[in-house]
Amino acid sequence: MSRMDRWFAPEWAGGWTLCRWLYAGIGLSFHGPRIQWIADAYADHGFLFSRPPLNVPDWWIMSPASATVVWALGTLGLLLVLWGGRLTKPALVVWVICSTLLVAHEGLNWKAYDRLHAWVGLAMLLGPVSERGLSTKARSPAGRWMMLLIFCSLYGMTGWTKALVPGWWSGEVLAYHLVDMNFGHQPLGIWLSGIPWATKAMGIATVAFEGLFPFLIFSRRTNPWLLAVGTLFHLSLVVLMNVGPFSIITLCAYPVLLHPEAGQRLWARLRRARPA
Amino acid sequence: MTDARTTVPKLRLPVLCLVGLVGAYFALCMVLEFMEGPGKAKTLVGARSFGQWNMFTLKATWNKQLKAQAYQDGEWVSVDLPEMYKARWESGPRYQRPAFLRETPLTPLLAQSICQRMDPTPRAVRLYRVRWKRKLGEEQKSDRPEVTQLLEWPCSRRIRRPQGTIL
């Protein structure tokens with residue numbers, strides 16, 4: 001067996017189905033409401049800003065009608081991704097193009113969840129998302145590599161930079177973000193921000209989880225535990241802060257990031273536990 | 001297992017190249033981030049945006065809001081910005097991005113946009129930044145805020161967008 005064959009040895013692919021459903025579902029949840037203010041946010045010639053390299057509004061600012069068409073095509077793309085089958089990958093490409101066109105008109109703020117959703121879409125293009133019955137199949141690991149790369153970059157960069165900021169270790173930076181008028185200001189977050197030992201513990205846990213992710217994700221032994229901690233971390237973000245769909249987009253990749261052997265074992269256990 | 005297919009041999013090298021390219025891009029973003037410091041990006045700022053994952057890294061101890069007044073019928077009246085700009089993100093309304101909360105080349109563009117959206121068009125628009133210290137463990141109320149006037153903009157004046165498109 002050549003080295004290339006070893007690298008591309010097929011692995012359990014069941015996680016991709018759950019990833020696809022979550023990806024399309026969460027995409028619809030944040031893309032759908034865009035229609036409410038499509039003219040205000042995407043077609044206002046007086047208040048649109050572009051940013052290279054996606055400076056589309058410099059040469060084309062959408063009209064309300066064309067923005068609505070782009071929105072509708074993106075919605076159709078996501079619905080087809082949710083449905084699955086042969087059209088999944090072409091639909092994914094349509095969705096990424098439409099979403100990118102809309103995001104290009106939001107030059108003031110390229111949101112982390114928009115960027116992450118696009119990156120996860122790229123990983124899905126390399127994965128076996130158009131197939132059904134994946135829980136009993138093994139497929140190429142290429143899509144999973146891309147997903148690992150994206151998430152090692154995501155957690156690594158944010159965790160390592162936080163580790164260099166002294167206020168993160170003391171919990172002070174986190175405490176102040178919990179009372180941010182937009183991203184924070186949730187009842188439980190406000191209460192916790194006034195308890196120094198709690199924000200210190202949460203600050204250290206955040207830096208440790210994010211900073212160690214790129215190392216612990218590759219070990220078969222630590223991988224499931226790391227993702228379990230990550231799930232708790234992101235669900236607590238949903239309760240404590242207002243970060244939009246970011247946490248759920250992150251979680252939609254977890255079934256693919258789970259080590260295939262652990263994923264297969266978990267799936268078998270779930271099947272056994274299912275009532276007949 | 002009913003099947004065990006993998007990437008066909010002729011596509012393996014292109015796939016590896018793609019993964020390597022994305023990896024190199026993320027590595028470059030990370031190296032530049034560490035060289036220049038979080039929140040201080042200078043090099044390839046736009047191109048790095050896709051691989052930039054700074055989230056809540058730096059301490060922020062102030063809550064900030066943008067307010068506007070318009071000169072109409074001989075007096076300054078408050079402008080209902082949330083009603084005028086309905087689209088908002090998790091980070092707040094579009095007019096409250098950091099680029100508008102201090103004097104930048106974009107601040108007059110917001111003023112001009114307000115002029116255009118108001119009916120009848122006012123004679124002038126004023127923009128203010130209101131900020132107050134965040135208080136830990138409490139709901140954030142803007143008592144005793146610091147108010148700074150950023151700009152007074154006559155609506156008769158025209159301005160070009162940074163890219164050159166006339167508004």
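Me: What makes a stretch of chain B a letter in the pattern α-α-β-β-α-β-β-α-β-β?
Reply: Helices are DSSP runs of H or I with at least four residues, and strands are runs of E with at least two, numbered from the N terminus. Read along the sequence, chain B follows α-α-β-β-α-β-β-α-β-β, with 4 helices and 6 strands. This is a predicted model, in which local features need pLDDT of at least 70, side-chain atom pairs count only at pLDDT 80 or more, and totals for chains, interfaces and linings use all residues. Residues are numbered from 1 along each chain as its sequence is written, and chains are lettered from A and ligands numbered from 1 in the order in which they are written.

Me: How do you know how chain B stands against a compact globule of 167 residues?
Reply: The radius of gyration is taken over C-alpha atoms, and the globule rule is 2.2 Å times the number of residues to the power 0.38. For 167 residues that rule gives a value near 15 Å, but chain B has 23 Å. Its C-alpha atoms fill a box of roughly 75 × 45 × 40 Å along the principal axes.

Me: What makes residues of chain B count as in contact with chain A?
Reply: Two residues are in contact if their C-beta atoms, placed from the backbone, lie within 7 Å. On that basis 53 residues of chain B are in contact with 58 residues of chain A. Helix 1 of chain B gives the most to its side, with 8 residues.

Me: Why is the set of 75 residues called a nonpolar core?
Reply: A nonpolar core is a set of buried Ala, Val, Leu, Ile, Met, Phe, Trp, Tyr and Cys residues joined through C-beta atoms within 7 Å. A residue is buried if 20 or more other C-beta atoms lie within 10 Å of its own, exposed if 12 or fewer, and partly exposed in between. The largest such core has 75 residues, and those with the most contacts inside it include A:Val120, A:Met147 and A:Cys252. Helix 7 (residues 142-164) of chain A supplies its largest share, 11 residues.

Me: Why does this core lie between domain 1 and domain 2 of chain A?
Reply: Domain bounds come from an automatic or database domain assignment. Domain 1 (8-140) and domain 2 (145-268) of chain A both give residues to the core, so it lies between them.

Me: Which residues does A:Cys252 contact, leaving aside neighbours within four places in sequence?
Reply: A:Cys252 is in contact with A:Cys19, A:Leu22, A:Tyr23, A:Ile26 and A:Val120.
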